[in-house]
Amino acid sequence: MRIIIDAMGGDNAPEEIVKGAILASEKFTHDIVLVGNKEQIENILRENNADPSKFEIVHTDTYITMEDDPICVVRSKKDSSMSVGLNLLKTNGDAFVSAGNTGALHAGSSLIIRSVKGVQRSGIATILPFAKPILMMDCGANVNVTANYLAQWAVMGSIYMKNVHGIDSPAVGLLNNGTEEHKGTQIQIDAYKLLKDNENINFVGNIEGKQLPFGPCDVLVTDGFTGNVTLKLLEGMGSFVFSALKGMFTKNALTKMSFIAMKDQLKGFKKTFDASEYGGAPLLGLQKPVIKAHGSSDARAIMNAVRQAATFVETGVIGEISVAMAEKKETDENN
């Protein structure tokens, strides 16, 4: 399997990205292609006792910053590490991983890789790291949506959770400001009807934000604006909770002893809420697997993103999405 990595994308690039590639090469047997400044990449590999000859390195001096306009990936920065990597994926690759500019990755993926036939809009699907993982889509790529987008994301998210996480009949929820069928804007009301009438998914109704930590569904659909705000709120709350716990356990000698006694349990608890365990977010609806790693990803997160990319390929999610879209089109034409 040939997995391409944008070595220059992300807050900690290229060092943590390359170190993550090293970890992935030690753990998996996939061919790894690193796209970016060859000299910098080779120096990092040598500094970490890795043999540069074991990696394919595609050189480019240009990279996309977090401040760049998303469309630059196919215009002014067509020679960037992200654009070159996506074109490599299109011509001779199995999956692509980037921790770079989210908007640019989505725009580039949509224009270079293209969507599966029948998919109106691809989107970013992020695992919310609760005790029971929830796949939320969209998480920032599509601020303006239609009810049809949400309905398609429900189908694609269900296929992903079934194939990748082994859930036979994933429960699908619609993020809303109330559980009643009539709640939300006209888009949510229309989406509710589409989801309720779709016999191919297990729709469980509207889901309120306060329900999320308790695992009310396996797939949660929403617009990219709401999804991104929800995701960042949860990330912030996670940091707040662990900071508060640390303060409690370091207050005095007695609490410090309690911390020592519960150290392993607390580590396990923290790991449950660690998004880096999942590595990144798949862009569902594309013709080839693209994984968006968190902008602040460290080496371990990149390694997990490579693992996630390989699983994406191996489980045949895209093929099943293609079949589902074709069947939906045929059903609509016959009605």
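Helices (H or I, at least four residues) and strands (E, at least two) are DSSP runs, numbered from the N terminus. This is a predicted model, in which local features need pLDDT of at least 70 and side-chain atom pairs count only at pLDDT 80 or more, while totals for chains, interfaces and linings use all residues. Residues are numbered from 1 along each chain as its sequence is written, and side-chain values use heavy atoms, with hydrogens and water left out.

**Overall form**

The protein has 11 helices and 11 strands. Its C-alpha atoms fill a box of roughly 60 × 60 × 35 Å along the principal axes. A compact globule of 335 residues would have a radius of gyration near 20 Å, and the 21 Å of the protein agrees with this. That radius is taken over C-alpha atoms, and the globule rule is 2.2 Å times the number of residues to the power 0.38.

**The sheet**

An open sheet of 11 strands runs in the order β3-β2-β1-β4-β11-β10-β5-β6-β9-β7-β8, with mixed pairing. At its edges are β3 (56–59) and β8 (202–207), each of which pairs on one side only. Neighbouring strands are turned by 25 degrees against each other on average, direction ignored. Two strands pair if DSSP finds at least two bridges between them. Strand β1 (residues 2–6) pairs with β4 (residues 95–98) in the parallel sense over 3 bridges, and I3 stands opposite A95 in β4.

Helix α4 (residues 102–113) lies across β4, β5 (123–128), β10 (281–284) and β11 (290–292), and runs at about 170 degrees to β11. Contact here means heavy atoms within 4.5 Å. Axes are lines fitted to C-alpha atoms, for helices over the stretch in contact, and angles run from 0 to 180 degrees between N-to-C directions.

**Local backbone features**

N49, a residue other than glycine, has a positive phi near 55 degrees. N49 is found in the loop between α2 (38–47) and β3.

**The second largest pocket**

On a 1 Å grid over the protein atoms alone, a pocket is an open set of points where a 1.4 Å probe fits, with protein on both sides within 12 Å along at least five of seven lines; lining residues have an atom within 4 Å of a point. The second largest pocket has a volume of about 870 Å³, the volume being the space filled by probe spheres set on grid points joined across faces, edges and corners. Of its 33 lining residues, V155, N198, N200, A324 and K328 are the closest to its centre. The elements giving two or more residues to the lining are α5 (147–164), α6 (186–197) and α11 (317–334), and α11 gives the most, with 11 residues.
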